[in-house]
Amino acid sequence: MRKITAIALFAMTATSASAISRYSALDHSCGDIQSIIEQQGAAIFRYPSPRKNGLTLYDRYVRNDMFCGSHQVTERVLIPSRDSDRCPVRHCITSDCNNFGGCLLR
């Protein structure tokens, strides 16, 4: 019985540790958005599409490559914030790398 309890406790801890925070970008200043990403390592921000009314866009933004998967690198993008239409952040994109050091970004 103790073994089952320990396994259940471990599973609950692992699940909460992998949770990622979600925010509305327009509720935060650009500096706040960059601070959140720096402190947490990764966060999801959502914001309205600049091209299509009623469409909400979102992505996972990261501090650096360490928060991306294998064969991924960061790319700098701009998202809207409360005080700017162009807040610079980074997100992960897939890259195709060969054994000779060459990479193609998708």
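The model is predicted, so local features need pLDDT of at least 70, side-chain atom pairs count only at pLDDT 80 or more, and totals for chains, interfaces and linings use all residues. Residues are numbered from 1 along each chain as its sequence is written, and side-chain values use heavy atoms, with hydrogens and water left out.

## Overall fold

The protein has two helices and six strands. These are DSSP runs, numbered from the N terminus: helices are H or I with at least four residues, strands are E with at least two. From the N terminus on, the order is α-β-α-β-β-β-β-β.

The protein has 106 residues, and 27% of them count as buried. Buried means under 20% relative accessible area, exposed means over 50%, and partly exposed lies in between (1.4 Å probe, protein chains only). The accessible surface comes to about 7800 Å². Carbon and sulfur atoms hold 54% of that surface. Areas come from the Shrake-Rupley method with a 1.4 Å probe; for residues, only the protein chains shown count as cover.

Contact means heavy atoms within 4.5 Å. Take the contacts with a separation of 6 or more: residues 24 or more positions apart account for 34% of them.

## Disulfides

A disulfide is a covalent bond between the sulfur atoms of two cysteines. Here the criterion is a pair of cysteine sulfur atoms within 2.5 Å. By this rule the count is two.

| Pair | S to S distance | S-S torsion | Sequence separation |
|---|---|---|---|
| C30 and C87 | 2.2 Å | about 85° | 57 residues |
| C68 and C92 | 2.0 Å | -85° | 24 residues |

Start with C30 and C87. The torsion about their S-S bond is about 85°, so this disulfide is right-handed. The pair links distant parts of the chain: C30 sits in helix α2 (residues 30–40), and C87 sits in strand β5 (residues 87–97). Both cysteines are buried.

Now C68 and C92. Their link is left-handed, with -85° about the S-S bond. This pair also joins distant parts of the chain. C68 lies in the loop between β3 (56–62) and β4 (72–79), while C92 belongs to strand β5. C68 is buried, and so is C92.

## D83 beside C30

D83 is in the loop between β4 and β5. Its relative accessible area is 52%, so D83 is exposed. D83 and C30 are 53 residues apart in sequence, yet 6.5 Å apart in space, C-alpha to C-alpha. Leaving aside neighbours within four places in sequence, D83 is in contact with S29 and C30.

The side chain of D83 reaches the backbone nitrogen of C30 at 2.9 Å. A polar contact of 2.9 Å also joins the side chains of D83 and S81.

## S49

S49 is in the loop between β2 (42–48) and β3. With a relative accessible area of 12%, S49 is buried. The side chain of S49 reaches the backbone nitrogen of R51 at 3.2 Å. Not counting residues up to four places away in sequence, S49 touches L55 and L57.

Conventions: A polar contact is a pair of N or O atoms within 3.5 Å; within protein, one must be able to donate a hydrogen and the other to accept it, and residues adjacent in sequence count only if both atoms are side-chain atoms.
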